[in-house]
Each structure stands twice: as structure tokens, then as C-alpha cells.
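Please open the model in a viewer and keep the sequence at hand.

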Amino acid sequence: MSTGPDVKATVGDISNNGNLNMAQEECSRKGFCSVRHGLALILQLCNFSIYTQQMNLSIAIPAMVNNTAPPSQPNASTERPSTDSQDYWNETLKEFKAMAPAYDWSPEIQGVILSSLNYGSFLAPIPSGYVAGIFGAKYVVGAGLFISSFLTLFIPLAANAGVALLIVLRIVQGIAQVMVLTGQYSIWVKWAPPLERSQLTTIAGSGSMLGSFIVLLVGGLLCQTIGWPYVFYIFGGIGCACCLLWFPLIYDDPVNHPFISAGEKRYIVCSLAQQDCSPGWSLPIRAMIKSLPLWAILISYFCEYWLFYTIMAYTPTYINSVLQANLRDSGILSALPFVVGCICIILGGLLADFLLSRKILRLITIRKLFTAIGVLFPSVILVSLPWVRSSHSMTMTFLVLSSAISSFCESGALVNFLDIAPRYTGFLKGLLQVFAHIAGAISPTAAGFFISQDSEFGWRNVFLLSAAVNISGLVFYLIFGRADVQDWAKEQTFTHL
């Protein structure tokens, strides 16, 4: 196993021999075949699993509270004789659906259940990020992925036992998911060269949109055919399978990775040699509290995730109720914004790194520009949704555009904490997740309240409130956002709390 002196020796060798440019060119040719890009793809798969587990209740809850929808009929001609196998399959589907009970949950109760995933989540990010930053993210992320996936398998039993048990299980599951979403950023401190930071983090982060797309695409079909419990069984099982990839293939540091090439290892170590990424036990709490650039990122997280959690929780319900789509079509239509968002997240990261590497724009300009685009246009689009609800095609176009453009925030304010304080990445990501989950705990509950109070104008009020919150965060970030390493993140020469 390599140690700290080994890393310094590697850096010294490259600096003395002047081989950094050669290593950069070599690794640039590797492209997506490099180990660091493979790591991004594995993290993408983990995020995929976590977000399928976050979204599965959103697509299943219309079926959980409605047992009146008739089973889907085959499209075969009436003249075609039915075979024994078809009769057997139809009987099997009926048996599956009979095992899927329905519950009498009001819109307020549904909002609480959907929000419960975030009720305890704000307790875990800071400890998870701090521990991952000090000891490494491999076991923190792996444990969170396994716990969340395992608990997903028991959601149908918990729902059958009562709302209280379901809420408790979702709270524990939310804490486990925070371990994954928070801890993974500590990996990029030692794996992501500055000029590739946006693309690597967005490749990994695109798993969130991909997971949402897949669960919405097939979730409605599963609910309408074999019953809503299988949404949880299937995606919980996929998450457990992902753990088998995570533990043997992931390492916290490229120096310790057994399969990485010497050239790529040298390139990564040298590209990060100029910035102090070594974590410390003590934290400059007072300086952090006084840091307006940090507060700009914190407020942006709260505001942008307010809209994100509202859309993630209520897109299937909106399409089901406003467009009067059945469960299967609702899932397919709900999936469209997320698959487009997944693609645009990756493209946005590549564009941000291109603008930075070619020195077309400064880093802070890129962060603010991408954030402004990702906030203003989706806010205007969503506020306009109630006025185009009579047109199904326009409604879906607006939802897709909103998701696509909002993905630019992933290369803006949402990754800015890596720029201002790489030394404290794990802790800061945990702190940011606290603000994100507070927004996630409030926004679906508030949306459920508005919708239950006024079915006609409730959705309009939900979108207006989300746009107002989002734009307020943007204004604060544009004024106080910075992209240079802050003084409190450079040296530990002051008093810590």
C-alpha cells in the first residue's frame, strides 16, 4: 500500500523530469477508458440505484391509493383465439395484482410520506461527510448503498403494517441514502484533476436523472401489470447487486488503486499537487460561518433542491391528475424530462470544462453563468405550465425543457464547494446536503398542502412558490459567489472550534 511519502515522491519525480505535459497528453488520449472515468461510471450506477429508490414511491403511490384501475388488456384482435399460455399469463397477472393492496391516504398524508425520506436526512450529512473525508468514502458509501437497498425490499411490508412504520423506515432509508450522496464527493478530492472536475462529477451525478428516468419508465408498467410492490423488490435488488461492484473496484486514492496505469496516476497526483486537499480533524467553524461565498452556495443548494424535490415527488402525480394519464402512460411521460436531464448534465459538465481549459471564461464566470441559466429559464417555464395544461404536447415539452436546462446548475453552484475549499470537501458536502434535505422535507409537504386546498389553482401556487424560492437563491449567489480557494481553507493557522 502506498503512503503519503510515496505520493510526494511521485510528484517530485514528475516535477523534476518535466513530464507533466506528457502525462496530461497521455491521459487525454485515454478519454473515457481511464480509471477515473470508470470510477465516475461506477458512481453513476450507485447514484442510479439510490435515485430509483428515492423515486419508486413517487411512481407507486398513485397505485397504492387507487385500486379502481382495470387491468390492461392485450391489443390482440378479437378474432384471434386465446391460447392456454395467454390465459395462464392473464390469471398470473390477476394473482399478482390481488397481492397489491390499496390504502386510504389523503393528499396531506401522501405529502408527509413522500417528505419522510428527508425528515431524518439532515442529521446524517455532516457526520457522513466528515467521516468520509477523514477515513475515506469507500466504506461509508458502500454501507449506505447496502442499507438503503435492503430496506427498499421491506417497504411493501411496512406500508401494510401502517403509515407510522412506513414513515420510520423511510426516515432510516433517507439517512442511509445521505451516506451515499454525501460521502462520494470525498473521492473526487483525490481523483478529479481540476480541468476535469465538472465532467467527472456530472457523469457520476447524471445517475440521479438516469435512475429517475428508468424507474418512471418501467414503474408505471410494473404497477399496472404485476403490482406496485414489485417496484420496490426489483430496484431494491438492483441496489444490493451494485454493492458487489462497489467494494472490490473502488479505492479512495489513485495511489492505492491496483489497476491504474503509472501515467494516469502521475497525471492525477501532479494535477492536484498545487492545491492542499489533505483533510484535517479540526474545522474552521467561525471562519465558515462568516464566509459569504459559502453561504451563497448553501442558499443555492436549499433553493435549487426545493424545486428539484417538488418536481421529483410530484411529476407522476401531476401528469396523472392534470393530463388524466393512466399509470403506465404516466410513468413513461414522467420519465422523459429525466432522461433528457441526464444527457444535459453530462453535456453541461463537458462544456464547462471546455470553456475553462480553453480559457474562454474564468471559473467564477462559468459557475455563475451556468447557475443563472439553470435557474431562470426553468422558473419561467414552470410558472407557465398552468396556462398550457389544455395541451398535452406543450405540457410535456415544458417539463422536458425545464429538466434539461436546470441540469446546468450541476456545473454551477452545486459543484462550487469543490472550488472554494477542497480540503473540507466531505464536511461541506454534508453541510450542503443538510440544506438540500431541509428543502426536501418542506417542499413536497407544502406542495401537498396547496394541492389539497385548491385543486384548480394549487399547482399554479406550487410552481409560483418554487420559482420565487429559486430566483431568490440565484440573486444571492450572483452577488456573493466566488470560485477561488478561501483563506480559511488554505491554512490551519487560526483557532478552530
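Axes are lines fitted to C-alpha atoms, for helices over the stretch in contact, and angles run from 0 to 180 degrees between N-to-C directions. Helices (H or I, at least four residues) and strands (E, at least two) are DSSP runs, numbered from the N terminus. The model is predicted: local features need pLDDT of at least 70, side-chain atom pairs count only at pLDDT 80 or more, and totals for chains, interfaces and linings use all residues. Residues are numbered from 1 along each chain as its sequence is written, and side-chain values use heavy atoms, with hydrogens and water left out.

**Helices H6 and H9.** Select residues 125-135 (H6) and 163-183 (H9): their axes come within 9 Å and cross at roughly 45 degrees. H6 is therefore oblique to H9 (under 35 degrees is roughly parallel, over 145 roughly antiparallel, 65 to 115 roughly perpendicular, and the rest oblique). The crossing of H6 and H9 is right-handed, a term for a near helix turned clockwise from the far one by less than a right angle, anticlockwise being left-handed.

**Aromatic pairs.** Rings of Phe, Tyr and Trp (its six-membered ring) pair if their centres lie within 6.5 Å; planes under 30 degrees apart count as stacked, over 60 as edge-to-face and the rest as tilted. By this rule there are 23 aromatic pairs. Select tryptophan 295 and phenylalanine 435, an edge-to-face pair with 6.2 Å between centres and 80 degrees between planes. Tryptophan 295 belongs to helix H15 (residues 292-322) and phenylalanine 435 to helix H20 (residues 425-453), so this pair ties together parts 140 residues apart in sequence.

Next, select phenylalanine 308 and tyrosine 309: with centres 5.6 Å apart and planes at 75 degrees, the pair is edge-to-face. Tyrosine 309 is buried, at 4% relative accessible area (buried is under 20%, exposed over 50%, partly exposed in between; 1.4 Å probe, protein chains only).

**Serine 34.** Move to the loop between helix H2 (20-30) and helix H3 (35-64), where serine 34 is found. Serine 34 is buried, at 3% relative accessibility.

**Glutamate 108.** Finally, select glutamate 108 in helix H5 (residues 107-115), which is partly exposed at 40% relative accessible area. Its C-alpha atom is separated by 7.0 Å from that of serine 452, 344 residues apart along the chain.
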